[in-house]
Amino acid sequence: MGYYYMPGDYRIIHHPIIDFRRGRRIRFYYNDRVVEAYEGESILAALYAIGYRVFSYSPDGRRPRGAFCMIGKCSSCLSIVDGVPNTRICITPVREGARVYSQKGIPEIPHKLRVEPVETKTIKTDVLVIGGGPAGLQAALTLADEGFDVVLVDDHPRLGGQLVKQTHRFFGARRFYGGVRGFRIAEKLSKNVLERDNIHVYTQALAYGFFKEGVVGVAVRGGKPLNLIVKPKAVIGSTGACERTILFENNDLPGVMGAGGAQTLMNEYGVRPGDRAFIVGSGNVGLIVAYQLLQAGVRVLGMAEILPHIGGWFVHAAKIRRLGVKIYTKHTVTRAIGRDRVEKAVISMIDEKYQPIPGSEKVFDIDLLLLAVGLQPNYSLFSQAGTVMKYVPEIGGLVPIRTYYMETSVKNLYIAGDASGIEEATTAFIEGEIAALTIALKLGDDRSGVEKRRDQLVDYLWREYRMSPVVERARRGKLKVTVSEEDMEKIRRGELDGF
Amino acid sequence: MDPRKIIVCRCENVSLADILEAIDKGYRDLESLKRYLRIGMGPCQGRYCLVLTARILARKTGKSFEEIYMPRNRPPIVPVEARYFLKQPVVEG
């Protein structure tokens with residue numbers, strides 16, 4: 001035991017936009033070695049900051065795995081924390097004296113003399129909001145303003161969803177935070193939510209099931225563990241999205257990471273994800289992340305785009321091109337090379353059938369290969385609840401059918417934000433508010449012209465915001481899964497063809 | 001590209017080669033592939049791999065993607081420690 005210094009320090013000290021105010025210094029143990037960290041960091045971020053890149057191994061113990069999603073969705077960082085195996089250390093905060101061990105493959109069942117049950121607590125509320133990102137925060141605040149009691153649960157240690165890692169100023173109407181940087185919006189909305197007496201917030205809380213009569217089970221892990229049984233009159237599922245991945249050789253090598261994962265490291269925790277990066281995918285996420293990597297002091301050696309044209313908005317592409325980042329269109333990644341971490345990326349030109357052309361390979365010396373190949377909605381809550389769903393490529397994958405008021409085919413289960421189909425944060429705010437106002441109306445509140453406000457918002461969303469040519473594809477996708485209340489009634493009775 | 005080194009399901013360490021072989025053996029839909037390879041049954045519950053697997057299946061079998069890809073989830077939809085569901089303490093020995 002004793003101090004063990006890893007080569008390099010990846011904590012960002014100077015950043016053009018974010019002032020990283022770190023918490024109190026604390027110490028914990030990783031594989032019996034003392035690690036210094038700052039309060040507020042996740043275990044993985046603290047380890048990454050001092051140079052660790054391998055956080056687990058495949059179940060056969062052969063393939064090393066590194067940080068990948070960074071938001072508690074994948075399985076690449078499962079570790080043993082204070083005796084509990086399979087803990088996702090990317091979303092587990094550091095704690096003084098914690099004992100963390102890396103896990104090789106499937107862990108043994110912990111042998112303890114006595115396992116105490118977690119307390120089960122049943123609570124009633126007007127509305128349960130699952131997911132505290134843009135849609136969930138806006139929904140909770142809208143409902144609280146109307147005087148309703150709200151329970152808000154989120155699996156992350158802090159609220160804000162993916163807004164916390166957005167450093168750029170948002171587009172869109174000022175009423176929906178246009179012109180404000182994403183992480184500032186998160187700060188503002190989270191503060192407002194935490195100040196309300198009628199919003200009860202549970203973080204590090206995982207909704208594990210939707211049961212009869214809309215009862216939802218939530219495993220609360222932050223603070224005192226609690227099995228929370230929530231009995232709400234309505235539920236809003238604003239469960240967000242996760243990144244897609246693609247198939248190429250050694251696509252699981254440490255250093256191959258979701259672009260959003262790199263954003264979490266550098267913009268939420270102030271940890272530089274690498275020194276030399278290559279990005280796959282030139283949609284908005286890829287372009288924005290390229291720019292943010294440069295801000296964080298990471299060299300971007302290039303980007304590959306499988307299509308003949310850049311996927312994202314012109315404004316974002318122009319910015320990174322000015323900074324000298326080359327975008328290889330009609331190219332894709334075919335191989336990552338490295339032993340315990342990625343050292344090289346191989347890209348190839350593709351033919352008309354999207355197949356790599358032999359002999360067209362280009363090799364880049366890198367330590368970070370970011371995948372920005374799209375997002376897919378987190379559908380599991382809705383598929384488990386039994387909502388009628390449809391696969392819609394324009395908005396990222398499998399999503400529930402919903403009314404214009406965001407109600408799914410399971411009565412009183414609403415949806416909002418990226419979970420309802422991938423779009424911009426502005427739409428998440430709007431959908432969250434539409435769902436909230438509809439519930440307010442249903443629970444018998446029309447003191448302040450709720451219906452009129454709601455209908456104006458639906459009108460703004462469909463006749464104004466989504467009419468912009470830049471969101472045409474998303475609009476087309478959402479139209480495929482949005483139905484009238486009459487049609488939804490038919491779908492519930494199984495009387496509408498095609499559903 | 002070596003299909004044995006292309007990982008489709010990280011949780012259960014299932015490669016593209018494993019899936020292609022299983023399809024050839026006759027596991028030609030998502031549910032039977034899940035049961036045979038445990039694909040999608042790990043801690044991420046199919047979040048990343050099922051859509052990729054469905055695409056491979058569609059290409060190999062000629063079925064439509066929409067027909068293949070309809071994942072079902074059962075509670076708990078996220079891994080939860082068993083102690084959350086205990087009624088009384090468990091004493092070993």
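User: What should I know about the model before I start?

Analyst: It's predicted, so local features need pLDDT of at least 70 and side-chain atom pairs count only at pLDDT 80 or more, while totals for chains, interfaces and linings use all residues. Residues are numbered from 1 along each chain as its sequence is written, chains are lettered from A and ligands numbered from 1 in the order written, and side-chain values use heavy atoms, without hydrogens or water.

User: How many helices and strands does chain A have?

Analyst: Both are DSSP runs: H or I over at least four residues for helices, E over at least two for strands. Chain A has 11 helices and 30 strands.

User: How do I read the radius of gyration of chain A?

Analyst: Take it over C-alpha atoms and hold it against the globule rule, 2.2 Å times the number of residues to the power 0.38. Chain A has 499 residues, so a compact globule would come out near 23 Å, and its 23 Å agrees. Its C-alpha atoms fill a box of roughly 60 × 60 × 40 Å along the principal axes.

User: And what share of the residues in chain A is buried?

Analyst: Buried means under 20% relative accessible area (1.4 Å probe, protein chains only). In chain A that's 59% of the 499 residues.

User: Which residues of chain B lose the most area to chain A?

Analyst: Buried area is the accessible area (1.4 Å probe) that two parts lose on being put together, summed over both. Chains B and A bury about 4,500 Å² between them, 58% of it on carbon and sulfur atoms. On the chain B side, Arg10(B), Tyr48(B) and Tyr84(B) lose the most, together 20% of what that side buries.

Technical notes: Buried means under 20% relative accessible area, exposed over 50%, partly exposed in between (1.4 Å probe, protein chains only).
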